[in-house]
Amino acid sequence: MEQRSEREQRERRQALAEAIAEERSSIAHDLHDVISHHVSAIGVHAGVARLKATASTDAVDVTDSLTAVETSSRAAMLDLRRLLDFLHGNASDPGGEDRQPGLADLATLLDTVSAAGLHAQVTVRGVPSQLPDSLDIAAYRVVQEMLTNALRHGDGRTAEVELRYDHAALTVTTTNPLPAHARAQPDSPHRGLQGIRSRAALFDGTTGYGPTPDGRAWLTTVTFPLSPLDPMDRS
């Protein structure tokens with residue numbers, strides 16, 4: 001009985017350690033997404049503002065770029081506050097201003113990337129399903145990371161996002177043109193793609209990415225099975 005009790009205690013400690021490690025990994029992905037997305041936009045606009053200030057007398061364009069920098073900075077601070085409130089256990093109003101964003105907030109996300117010069121369009125196919133909060137947040141973060149990658153590694157001008165709902169899965173696909181100098185480069189996964197893959201795996205989802213057959217665009221696809229929906233519900 002003593003041995004069994006000790007074994008059960010070890011198993012509980014191990015389970016707790018694994019849960020903490022998984023939660024830390026999830027938070028790390030969130031922080032990466034927030035910092036990568038907003039700070040990338042800030043960097044783009046800061047560079048544009050600097051170039052226009054030195055090479056042009058068009059004060060309106062400079063003002064627009066600086067306004068976009070300000071907007072992205074505020075968005076970054078808001079997202080970071082959400083994560084810090086979650087870590088401190090202060091997220092008492094999940095439906096309020098400080099809630100984690102979901103697919104319903106894609107319009108705001110598109111406005112942010114549009115201000116950075118990336119014109120993205122979202123197409124919804126099928127009948128949207130009511131998603132658990134955890135999956136809704138994960139899907140939003142995947143789209144955010146896809147658009148950030150399009151801004152940083154694509155031609156920075158256009159991107160197409162498709163959300164396809166069917167009875168068994170939600171499939172998120174993004175296509176964006178590649179700059180001419182990058183078309184011949186081999187596939188090289190980076191931290192953003194690894195984060196997308198990790199989020200999908202948390203929901204037993206799959207991830208695919210790579211250049212299109214003609215090498216002119218980059219295609220990223222994530223499929224989330226809709227049953228089971230939420231990994232937090234698993235026993």
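Reply: The account below begins with the sheet, then turns to the core and ends with the charged pairs.

This is a predicted model, in which local features need pLDDT of at least 70 and side-chain atom pairs count only at pLDDT 80 or more, while totals for chains, interfaces and linings use all residues. Residues are numbered from 1 along each chain as its sequence is written, and side-chain values use heavy atoms, with hydrogens and water left out.

Five strands form an open sheet of mixed pairing, in the order β1-β2-β3-β5-β4. Helices (H or I, at least four residues) and strands (E, at least two) are DSSP runs, numbered from the N terminus, and two strands pair if DSSP finds at least two bridges between them. The edge strands, β1 and β4, each pair on one side only. On average, neighbouring strands of the sheet are turned by 10° against each other, direction ignored. Axes here are lines fitted to C-alpha atoms, for helices over the stretch in contact, and angles run from 0 to 180 degrees between N-to-C directions.

Two helices pack on this sheet. Helix α3 touches β1 and β2, and its direction makes about 155° with that of β1. Helix α4 touches β1, β2, β3 and β5, with its direction at about 175° to that of β5. Contact means heavy atoms within 4.5 Å.

Strand β3 is mostly covered, with seven of its nine residues buried. Buried means under 20% relative accessible area, exposed over 50%, and partly exposed in between (1.4 Å probe, protein chains only).

The core comes next. In soluble globular proteins, nonpolar side chains tend to be buried together. A nonpolar core is a set of buried Ala, Val, Leu, Ile, Met, Phe, Trp, Tyr and Cys residues joined through side-chain atoms within 4.5 Å. The largest such core has 35 residues, of which L103, V143, L147, L170 and F224 touch the most other members. The elements that give two or more residues to this core are α3 (106-115), α4 (133-153), β2 (158-165), β3 (169-177), α5 (191-202) and β5 (217-225). Helix α4 gives the most, with ten residues.

Residues up to four places away in sequence not being counted, F224 touches L135, A139, V142, A168, A169, L170, V172, R199, A200 and F203.

The structure holds two aromatic pairs. Rings of Phe, Tyr and Trp (its six-membered ring) pair if their centres lie within 6.5 Å; planes under 30 degrees apart count as stacked, over 60 as edge-to-face and the rest as tilted. F203 and F224 form an edge-to-face pair, 6.0 Å centre to centre with 85° between the planes. This pair links distant parts of the chain, 21 residues apart: F203 is in the loop between α5 and β4 (206-211), and F224 is in strand β5. Both F203 and F224 are buried. The other rings are those of Y209 and W218, whose centres are 6.3 Å apart and whose planes lie at 20°, so this pair is stacked. Y209 and W218 are both buried as well.

There remain the charged pairs. The structure holds three salt bridges, each being a side-chain nitrogen of Lys or Arg within 4 Å of a carboxyl oxygen of Asp or Glu. In one of them, the side chains of E162 and R125 meet at 2.8 Å, N to O. Because E162 lies in strand β2 and R125 in strand β1 (residues 119-125), the pair ties together parts that are 37 residues apart in sequence. E162 also forms a salt bridge with R164, with the closest N and O atoms 3.3 Å apart. R125 is partly exposed, with a relative accessible area of 40%, and R164 is partly exposed at 37%. A further salt bridge joins R157 to D155, with 3.2 Å between the closest N and O atoms; R157 counts as exposed, at 52% relative accessibility.
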